[in-house]
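User: I am new to reading protein models and would like to work through this one with you, question by question. Could we begin once it is in view?

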Amino acid sequence: MNSVGSDLSALEAHLGYTFADRSFIELALTHISVVKGDAPRVRSYQRLEFLGDHVLGSIVSHMLYAAFPQAEEGELSRRLADLVREEACAEVAEDMNIGAFIRLGNGETQSGARSRRTILADVTEAVVAAVYLDGGYEAAHALVERFWRARLLAPRRPLRDAKTHLQEWAQARGLPPPSYRDVERSGPDHAPSFRVRVELPGLASAEAIGSSKQAAQKAAAAAFLAREGVPTGSEA
């Protein structure tokens, strides 16, 4: 078993917050693999992760509302999704240097779980909840400001996927929503390939292939937009 470092002051320095009750941060760093006995999920970080997800969403929503006074609800929602997604939280975990302090069972440690993106993201949310429970909303807000402010002002990820962009493009031209039709499924069950066609009235259709129907639909939408010369800056 790998335990929390004997001196949490280094982590507190990274966080910019000192806990009055370290039991909160100790729980936030405890993976289910290290918990023995009954109700392991209750005695791991999972409950804190649940709370932290909602606290983080609330604080980032507040920050977005203040930072972008001219943004409409749809844009704010897309920015929020970008900032609290798993990848973003895992990046914050690296900034916080959380990985070195996570308590893991031997098997998880040997499998490289300490750097696993899903675990890092979950623990980041749990840490937000730990600060919230220990110091209140203002302390949690300060933590999120410290680690999310730069990301919020300069998002590095496209705010719209190609399907959303194509639907908005069609709507702006008085067209109905795009329709997606399955053209072909090929490949073995463990590695299927899907070909999808996207159609809009009065315009040539576009087709694309993806490893899932959703991926193929996004790729088809991206192909449609590219053919129409629409600059997207969005990911397929």
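User: What share of the contacts in the chain with a separation of 6 or more comes from residues 24 or more positions apart?

Analyst: This is a predicted model, in which local features need pLDDT of at least 70 and side-chain atom pairs count only at pLDDT 80 or more, while totals for chains, interfaces and linings use all residues. Residues are numbered from 1 along each chain as its sequence is written, and side-chain values use heavy atoms, with hydrogens and water left out. A contact here means heavy atoms within 4.5 Å. Among the contacts in the chain with a separation of 6 or more, residues 24 or more positions apart account for 60%.

User: How many of the residues of the chain, as a percentage, count as buried?

Analyst: A residue is called buried when its relative accessible area is under 20%, exposed when it is over 50%, and partly exposed in between, using a 1.4 Å probe and protein chains only. The chain has 236 residues, and the share of them that counts as buried is 38%.

User: At what angle do helix α3 and helix α7 pack, and which word describes that arrangement?

Analyst: Axes are lines fitted to C-alpha atoms, for helices over the stretch in contact, and angles run from 0 to 180 degrees between N-to-C directions. Helix α3 (residues 46-67) and helix α7 (residues 117-135) have axes 7 Å apart, and the residues that meet include Leu-48 and Leu-51 in α3 and Ala-126 and Val-128 in α7. Angles under 35 degrees count as roughly parallel, over 145 as roughly antiparallel, 65 to 115 as roughly perpendicular and the rest as oblique. The angle between α3 and α7 is about 80°, and the two helices are therefore roughly perpendicular.

User: Is His-31 buried or exposed?

Analyst: His-31 is found in the loop between α2 (23-28) and α3. Not counting residues up to four places away in sequence, His-31 touches Ser-44, Tyr-45, Arg-103, Leu-104, Glu-108 and Ile-119. With a relative accessible area of 9%, His-31 is buried.

User: Which helices do the buried residues of α5 pack against?

Analyst: The buried residues of α5 are Ala-88, Cys-89, Ala-90, Val-92, Ala-93 and Met-96. An α-helix has 3.6 residues a turn, so residues three or four places apart point the same way. The helices that the buried residues of α5 pack against are α1 (9-15), α3, α4 (73-84), α7 and α8 (137-153).

User: What is the relative accessible area of Cys-89?

Analyst: Cys-89 is found in helix α5. Leaving aside neighbours within four places in sequence, Cys-89 is in contact with Leu-56, Val-84, Leu-120, Ala-121, Thr-124, Glu-125 and Trp-148. Cys-89 is buried, and its relative accessible area is 0%.

User: Are Glu-87 and Glu-94 buried, partly exposed or exposed?

Analyst: Glu-87 lies in helix α5 (residues 86-96), and Glu-94 is found in helix α5 as well. At 29% relative accessibility, Glu-87 counts as partly exposed. Glu-94, with a relative accessible area of 58%, is exposed.

User: Where is Asn-97, and what value is its phi near?

Analyst: Asn-97 follows α5 and is found in the loop between α5 and α6 (106-110). Its relative accessible area of 32% makes Asn-97 partly exposed. Most residues other than glycine have a negative phi, and most peptide bonds are trans. Asn-97 is a residue other than glycine with a positive phi, near 60°.

Note on methods: Helices (H or I, at least four residues) and strands (E, at least two) are DSSP runs, numbered from the N terminus.
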